[in-house]
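Open the model in your viewer and follow the stops below in order. Each stop says what to select and what is there.

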2 protein chains.
Amino acid sequence: MRPVDELCEALREQGLKVTPQRRLIFEALRDSPNHPSAEDVYHLVRDVMPDMSLATVYHTLDHLVTMGELVQLDLGEGKSRYDTYTNGHFHLVCQGCREVLDIAGDPDCADLMPTETSGYQIDRCEVVFYGHCPDCQA
Amino acid sequence: MRPVDELCEALREQGLKVTPQRRLIFEALRDSPNHPSAEDVYHLVRDVMPDMSLATVYHTLDHLVTMGELVQLDLGEGKSRYDTYTNGHFHLVCQGCREVLDIAGDPDCADLMPTETSGYQIDRCEVVFYGHCPDCQA
DNA sequence: ATGGGTGCAAAAGTTTTGCATTCCC
DNA sequence: GGGAATGCAAAACTTTTGCACCCAT
């Protein structure tokens with residue numbers, strides 16, 4: 001994800017508007033530990049702007065995903081998480097505490113790319129390792 | 001997923017019971033095209049046993065997943081799909097029609113396995129390619 | 001001024017849960 | 001007989017949508 005000011009500029013270029021809510025969501029994403037859910041972002045921004053609506057958070061996250069500034073992750077939790085690090089990489093998920101780690105990996109998954117793709121045009125790949133962190137191995 | 005009779009035996013071994021509903025769900029999974037959702041399974045079994053409850057389907061699928069006879073897939077659709085082919089392999093998803101193809105791939109993801117795992121014990125990995133099938137490339 | 005954005009509430013969709021009844025072992 | 005399973009309905013959750021009002025451009 002690019003710096004907040006560049007995101008605002010990118011919004012304008014698309015005819016979208018820069019509102020205080022969106023700016024705040026951008027900042028929350030930038031400062032958020034890692035891989036927050038929509039609800040996580042919502043709670044962060046509510047501390048600063050208590051009237052912010054969850055629908056606004058969802059709309060803004062959708063825009064960022066469409067713009068390619070944010071990656072939507074589905075890690076089998078029944079809800080989405082969002083990743084500001086958009087360069088291709090892998091994830092490692094603890095099945096105990098649900099912590100998510102970024103892992104270096106070939107962005108294009110060139111090594112994995114199947115030879116027989118049944119005519120499919122492949123856009124991207126997602127690699128997730130599931131396991132248990134040191135604390136959850138007990 | 002093993003044959004229906006073996007699944008029934010496996011249930012009994014765990015102190016679980018073999019009911020007509022569960023047998024039917026096993027058969028539906030065995031005969032189902034590929035990667036059905038809970039709702040898909042529900043509709044298949046309703047044709048034979050109209051009083052079957054969706055909760056029963058969910059409970060039974062959960063047991064199979066826990067027993068390692070079924071793999072639960074999260075492909076970012078807001079719902080789970082289930083895969084009877086439990087040997088490690090990859091998936092290719094069409095973002096247009098949501099068709100899901102099985103793709104051969106190293107079950108252990110040995111080539112991908114990160115060297116630095118921060119002390120994590122890794123249980124399994126999931127590789128999903130997203131793209132467009134021939135029909136949806138228009 | 002105008003078209004997009006916001007907040008609120010309701011709706012939609014999937015999955016879980018509580019509970020009385022039924023049934024496998 | 002006893003414990004698990006079932007069916008039903010309600011609840012829990014995440015995400016989407018409709019709409020009246022507001023605001024960035």
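Start with strand 2 (residues 80–83) of chain A: S80(A) and Y82(A) point one way, R81(A) and D83(A) point the other way, and all are buried. Buried means under 20% relative accessible area, with a 1.4 Å probe and protein chains only. Strands (E, at least two residues) and helices (H or I, at least four) are DSSP runs, numbered from the N terminus.

This is a predicted model, in which local features need pLDDT of at least 70 and side-chain atom pairs count only at pLDDT 80 or more, while totals for chains, interfaces and linings use all residues. Residues are numbered from 1 along each chain as its sequence is written, chains are lettered from A and ligands numbered from 1 in the order in which they are written, and side-chain values use heavy atoms, with hydrogens and water left out.

Select L73(A) to see it opposite R81(A). The two strands form a hairpin with five residues between them, and G76(A) in the turn has a positive phi of about 70°.

Now select DNA strand C. It is surrounded by 22 residues, counted when a heavy atom lies within 4 Å.

Definitions and conventions
Buried < 20%, exposed > 50% of the residue type's maximum accessible area, 1.4 Å probe, protein only. Pairing = 2+ DSSP bridges.
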